[in-house]
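Q: I am new to this structure. Please show me how to read a few of its features.

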Amino acid sequence: IPDLFAGQSGNANYRVRASRHDDPTEVEIHTLDTDIFYVTTGTATFVAGGTAPDAKQISPTELRGKTINGATTYNLSQGDVIVVPRGIPHQFQAIPSAPFLYMEVKVR
């Protein structure tokens, strides 16, 4: 996903992106980045927290998995904002009204 904007504020770097999902995603864990999502279109069932027992490292700062246990479920729709701190497993489990569009800010 290309960045719409990237910059620095104090000691933090950030990137702003326009993102889209039409289908459920893998579990993601970012070891350095906090994600901030602002939903612009659609609905999604999003889970965050708990553990991802099958997560595997795909890069030095990213893990991916298939399952997430003990997470909190959020039903996201237009206008919602959710913050996922670094190190927290998260996943879009269902996208009942695709496309699901959101602005994503990654803060490191």
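A: Start with exposure. Buried means under 20% relative accessible area, exposed means over 50%, and partly exposed lies in between (1.4 Å probe, protein chains only). This is a predicted model, where local features need pLDDT of at least 70, side-chain atom pairs count only at pLDDT 80 or more, and totals for chains, interfaces and linings use all residues. Residues are numbered from 1 along each chain as its sequence is written, and side-chain values use heavy atoms, with hydrogens and water left out.

Q: What does Pro85 count as, at 43% relative accessibility?
A: Pro85 counts as partly exposed, because its relative accessibility is 43%.

Q: Where is Pro85 found, and which residues does Pro85 touch?
A: Helices (H or I, at least four residues) and strands (E, at least two) are DSSP runs, numbered from the N terminus. Pro85 sits in the loop between β8 (81-84) and β9 (90-107). Contact means heavy atoms within 4.5 Å. Leaving out residues up to four places away in sequence, Pro85 touches Asp33 and Thr34.

Q: How do I read a pocket?
A: Rolling a probe the size of a water molecule over the atoms shows where empty space is left. On a 1 Å grid over the protein atoms alone, a pocket is an open set of points with protein on both sides within 12 Å along at least five of seven lines; a 1.4 Å probe fits but cannot get out in a cavity; lining residues have an atom within 4 Å of a point. Grid points are joined across faces, edges and corners, and a volume is the space filled by probe spheres set on the points. Here the largest pocket has a volume of about 180 Å³. Of its 20 lining residues, the closest to the centre are His21, Glu28, Tyr102, Glu104 and Lys106.

Q: Which element gives the most to the lining of the largest pocket?
A: β9 does, with 6 residues.

Q: How do I read an aromatic pair?
A: A pair of aromatic rings is described by the distance of the centres and the angle of the planes. Rings of Phe, Tyr and Trp (its six-membered ring) pair if their centres lie within 6.5 Å; planes under 30 degrees apart count as stacked, over 60 as edge-to-face and the rest as tilted. The structure holds 7 aromatic pairs. Phe37 and Phe46 have ring centres 5.8 Å apart and planes at 90°, so the pair is edge-to-face. Both Phe37 and Phe46 are buried.

Q: How many residues apart are Phe37 and Tyr102?
A: The rings of Phe37 and Tyr102 have centres 4.9 Å apart and planes at 70°, so this pair is edge-to-face. The pair links distant parts of the chain: Phe37 is in strand β4 and Tyr102 in strand β9, 65 residues apart. Tyr102 counts as buried, at 5% relative accessibility.
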